[in-house]
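Subject: Structure for you to look at

Dear colleague,

I am passing on the structure below, with its sequence, and my notes follow it. Please read them with the model open beside you.

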Amino acid sequence: NAEIAVLKDAGAPPENKRQALIFLVHFMADVHQPLHCADEVTRAGRSDRGGSLKWLTRENAKPGDKKFTLHSFWDSILRLSKEERGPGPRALADKLEKNIAAKDTSAWTRGDMVTAAVLESHRIAKESIYPDYHRNYGRPVGKAYQDKYRPVAYERLEMAGIRLAALLNDSLK
């Protein structure tokens with residue numbers, strides 16, 4: 001809310017507006033990443049810090065390759081291999097824009113969008129991501145996992161963009 005207030009303030013210095021915009025964009029992206037809004041508590045009573053303490057290995061990993069966390073995998077789930085990447089970020093933006101055009105997004109901007117985003121992310125983590133992690137514990141992850149969850153990640157990114165646009169439109173009124 002503080003960032004929206006700065007953006008609405010016609011007298012706020014440009015640097016303050018820039019910082020508020022940067023924070024708002026980052027925050028909206030974060031609350032749409034499921035593992036930013038959930039964690040699991042171990043039997044010893046420790047949090048896994050949103051999957052940051054759950055370790056994975058990649059398919060076809062070579063001896064000595066570093067492991068990575070479930071959280072970092074989700075932070076990078078839209079990163080594609082060089083073969084899949086195509087022309088780059090513009091292609092992803094075009095794909096998301098086309099997907100959004102075919103959807104009724106009006107429900108995404110009703111009510112408290114931020115709370116809705118947090119609750120949606122939490123549900124996805126608790127009902128899908130964590131159970132899959134436990135079902136597949138110890139097995140390397142790769143393309144099949146990424147293919148399964150990439151549509152979820154795409155929709156979360158689409159929702160973040162629509163909701164951010166709505167917040168920005170509201171701040172410019």
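A nonpolar core is taken here as a set of buried Ala, Val, Leu, Ile, Met, Phe, Trp, Tyr and Cys residues joined through side-chain atoms within 4.5 Å, where buried means under 20% relative accessible area, exposed means over 50%, and partly exposed lies in between (1.4 Å probe, protein chains only). The model is predicted, so local features need pLDDT of at least 70 and side-chain atom pairs count only at pLDDT 80 or more, while totals for chains, interfaces and linings use all residues. Residues are numbered from 1 along each chain as its sequence is written, and side-chain values use heavy atoms, with hydrogens and water left out.

The largest nonpolar core has 17 residues, and those with the most contacts inside it are Leu-35, Leu-56, Leu-70, Phe-73, Trp-74, Ile-129 and Tyr-145. Helices α3, α6 and α7 each supply at least two residues of this core (helices are DSSP runs of H or I, at least four residues, numbered from the N terminus), and α6 gives the most, with five residues. A second, separate core has eight residues, including Ile-4, Leu-7, Leu-164 and Leu-167.

Not counting residues up to four places away in sequence, Phe-73 touches Leu-56, Arg-58, Phe-68, Val-141, Gly-142, Tyr-145 and Gln-146, contact being heavy atoms within 4.5 Å.

Helices α2 and α6 (residues 113-135) pack at an angle of about 35 degrees, with their axes 8 Å apart; axes are lines fitted to C-alpha atoms over the stretch in contact, and angles run from 0 to 180 degrees between N-to-C directions. In this packing, Phe-27, Met-28 and Val-31 of α2 meet Val-114, Ala-117, Val-118 and Ser-121 of α6. By class, that contact has six nonpolar, one polar and no charged residues, with Ala, Val, Leu, Ile, Met, Phe, Trp, Tyr, Cys and Pro counted as nonpolar, Asp, Glu, Lys and Arg as charged, and the others, Gly among them, as polar.

At the helix α1 (residues 2-8), Glu-3 is partly exposed, with a relative accessible area of 22%. Leaving aside its neighbours within four places in sequence, Glu-3 is in contact with Ala-20 and Phe-23. The C-alpha atoms of Glu-3 and Glu-127, which are 124 residues apart along the chain, are separated by 32 Å.

With regards
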